[in-house]
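Subject: Structure handover

Hello,

Here is the structure you are taking over. My notes on it follow below.

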Amino acid sequence: YADWVREVEDLARSAPAEGERYLGDAEGGLAPWEVGYRNSGGFVAPAFAGDAVSGWAPPERSGAVWLDDLQVRELEPGLHPDVVGGWWFPEDASVDARRLTDSLRAACVAAGVHLLVGPDYRVTALELHGGRCGEVTTASARYAPADLLLANGAWMRDLLPLPLQPHKGQSFALRHPDPHFRLDRVLFGQDTYIVPKADGRIVVGATVEPGLWDGDVTPQGTVHCMNAAMRLLPALADATVLESWAGLRPTTPDKAPLLG
């Protein structure tokens, strides 16, 4: 994965002006084309007595290791005193999703991809023949693709008769004022995840709200995420809230993939 990240960053860095416009500013010690790749010891799933994590076991092929209460605090000293242990996934890494999206766009331009972006290119219909797409209709034109990849999430059901519904998720970003604050690894708890980013931000999420299509951030959703995160990592109570947002996850009725 690290090799792929370097390839994307190298292409994005070499992008012409058409691709550079997709890149953001240099901030947090990162160049505009850098995706914020972090590999600082994997991630940890801390467990409280009797919660869902304490009774869960990952697949053997995951490479996860169970740590007791002392061992898990050696990795992350800031965990709540009531944490009884946790699963450690030492090989996992993370990126900044926004920066990755920007760099991918620039890298695509550098590789010769022609991007059609904006309301004029919104796909409104697919013409299907024999299990293949023969034509794509947008708001301004029609295209006959040799191959087609659909990646429009919960809105895919607007184009294909698929049983998809959104699960809304509210999240927010923090920054801790204490220069000695330490969080090296991603934390996944029963009701929250906490992700340290390469630029110093800490992303916290996320609610699971089935059937909602709006992108609103609500007090109830924010409080739910904050309480769960502070229970896991109490020092977050002193952090500053930088921003909040909501997104939609595409979900099937049984939460299993659609094949065929």
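First a definition: buried means under 20% relative accessible area, exposed means over 50%, and partly exposed is in between (1.4 Å probe, protein chains only). At 29% relative accessibility, Ala 256 therefore counts as partly exposed.

Some ground rules. This is a predicted model, in which local features need pLDDT of at least 70 and side-chain atom pairs count only at pLDDT 80 or more, while totals for chains, interfaces and linings use all residues. Residues are numbered from 1 along each chain as its sequence is written, and side-chain values use heavy atoms, with hydrogens and water left out.

Overall picture

The chain has 260 residues, and 36% of them count as buried. Its C-alpha trace spans about 60 × 40 × 40 Å along the principal axes. It holds five helices and 12 strands. Both kinds of element are DSSP runs numbered from the N terminus: helices are H or I with at least four residues, strands are E with at least two. Contact means heavy atoms within 4.5 Å. Of the contacts with a separation of 6 or more, 70% are between residues 24 or more positions apart.

Nonpolar cores

A nonpolar core is a set of buried Ala, Val, Leu, Ile, Met, Phe, Trp, Tyr and Cys residues joined through side-chain atoms within 4.5 Å. The largest one has 20 residues. Leu 187, Ile 194, Val 204 and Leu 236 have the most contacts inside it. At least two residues of this core come from each of β1 (43–48), α3 (69–75), β7 (165–175), β10 (202–205) and α5 (219–232). The largest share, three residues, is from α5. Apart from this core lies another, of nine residues, with Ala 47, Trp 87, Val 195 and Val 203 among them.

Take Leu 236. Leaving aside neighbours within four places in sequence, Leu 236 touches Leu 174, Phe 181, Ile 194, Ile 202, Val 204, Ala 229 and Met 230. As background, nonpolar side chains tend to be buried together in soluble globular proteins.

Helix α5

The expected span of a helix is 1.5 Å times one less than its number of residues. With 14 residues, α5 should span 20 Å, and its end C-alpha atoms are 20 Å apart, which agrees. Buried in α5 are Gly 221, Thr 222, Cys 225, Ala 228, Ala 229 and Leu 232. Seen down the axis, these buried residues fall within an arc of 140 degrees, so they line one face of the helix. That arc is taken over the directions from the helix axis to the C-beta atoms. Pro 219 and Gln 220 are exposed, on the face turned away from the buried side. The cover over the buried residues of α5 includes β1, β7, β8 (186–188), β9 (193–196) and β10.

Helix α4

At the start of α4, a side-chain oxygen of Asp 96 comes within 3.1 Å of the backbone nitrogen of Arg 98. Just after α4, Gly 112 has a positive phi of about 100 degrees.

Two strands pair if DSSP finds at least two bridges between them. Six bridges join β4 to β5 (residues 132–138). Leu 126 stands opposite Val 136 in β5. The β4–β5 hairpin has two residues between the strands, and Gly 130 takes a positive phi near 60 degrees there.

Two single residues

Where is Arg 201? In the loop between β9 and β10. Arg 201 has 11% relative accessibility, so it counts as buried. A polar contact of 2.9 Å joins its side chain to that of Asp 199. Such a contact is a pair of N or O atoms within 3.5 Å; within protein, one must be able to donate a hydrogen and the other to accept it, and residues adjacent in sequence count only if both atoms are side-chain atoms.

Back to Ala 256. Ala 256 sits in the segment after β12 (240–251). Its C-alpha atom is separated by 32 Å from that of Ala 107, 149 residues away along the chain.

Best regards
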